[in-house]
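Reader: I have the sequence and the coordinates open. Can you take me through the packing, one question at a time?

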Amino acid sequence: MIYWANDVYKLGWGDKTLLKFFPDSFYAALHLDARLAKGMAFHFFFMWLFFVNGFLYVLYTIISGEWRLLLPNRKSFKEAFQVLLHDLHLSKYEPPKDKYNAAQRIVYTAIIIMGFGSLATGLAIYKPIQFQWLCTLLGGYEWARIEHFVLTIGYVLFFIIHIVQVLLAGWNNFQAMVTGFEVESLPPTPPDNTIIKTDSKE
């Protein structure tokens, strides 16, 4: 709603426009009106909700020691490329498995940094006078606004890729993400008169 009230973003340079978000026909077809105030109200409500959620999550990782499993190490970038090739079925080499693979370590850490970036750029463009030092640090009002918008695109891409990967991994994986536990099927119990052979020499 905020963006549709003033769609100033485009891909191009100077007066040259390669792609505009979005053409006027898009707004006409969907009957979208400028509702800036309503959009800002929603934005601030969910912004603080996500901020508190993110803050508590980071606090939890620090207190629990979980951060050790999340932070990338010196091998992460090399292994993340192997994860990418494996996921795209371009390589049969299976990367090392852990609670979080190398790609997840990098992306999940990046998302936390992006969250702080969104908060900083958001404050800079909401109160550019009160937070003039922050606005200047981010390159000025226009740059802070662009950075805020680019971070938003990053969240959308993260969400889409995440959902696709979850769908490819199966319903059980999705259920585990939502509930926090994974359901595993136990092998059927053999009847009492069944003899189970093993390779053990004992």
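Predicted model: local features only at pLDDT ≥ 70, side-chain atom pairs only at ≥ 80, totals over all residues.

Reader: Which hand does the crossing of α3 and α6 have?
Author: The two axes meet at an angle of about 145°. As α3 passes α6, the crossing is left-handed.

Reader: What span does α3 reach from its first C-alpha to its last?
Author: α3 has 29 residues. At 1.5 Å a residue, 42 Å is expected. The model comes close to that, with 41 Å.

Reader: Which residue with a positive phi follows α3?
Author: The helix runs over residues 36-64. Next comes a residue with phi near 85°, and that is G65.

Reader: What covers the buried residues of α3?
Author: Buried residues in α3 include G39, V58 and T61. V58 is also one of the α3 residues that meet α6. The cover includes α1 (2-5), α4 (67-70) and α6.

Reader: Is H148 buried or exposed?
Author: H148 lies in helix α8 (residues 141-169). Beyond four places in sequence, H148 touches H43, S118, T121, G122 and I125. Its relative accessible area is 15%, and the cut-off for burial is under 20%, so H148 counts as buried.

Reader: Which residues make up the largest nonpolar core?
Author: Take A144 as the way in. Setting aside residues up to four places away in sequence, A144 touches T121, A124, I125 and L138. Two of these contacts, A124 and L138, belong to the core along with A144.

Reader: How far apart are the C-alpha atoms of F21 and L11?
Author: F21 sits in the loop between β2 (16-20) and α2 (24-30). Leaving aside neighbours within four places, its contacts are Y3, D7, Y9, K10, L11 and Y27. F21 and L11 are 10 residues apart along the chain, and their C-alpha atoms are separated by 8.4 Å.

How values were computed:
Residues numbered from 1 in each chain as written. Heavy atoms only, no water. Axes fitted to C-alpha atoms, helices over the stretch in contact; angles between N-to-C directions. Helix = DSSP H or I, 4+ residues; strand = E, 2+ residues; numbered from the N terminus. Left-handed = near helix turned anticlockwise from the far one by under 90°. Contact = heavy atoms within 4.5 Å. Core = buried A, V, L, I, M, F, W, Y, C linked by side-chain atoms within 4.5 Å. Buried < 20%, exposed > 50% of the residue type's maximum accessible area, 1.4 Å probe, protein only. Expected span 1.5 Å × (residues − 1).
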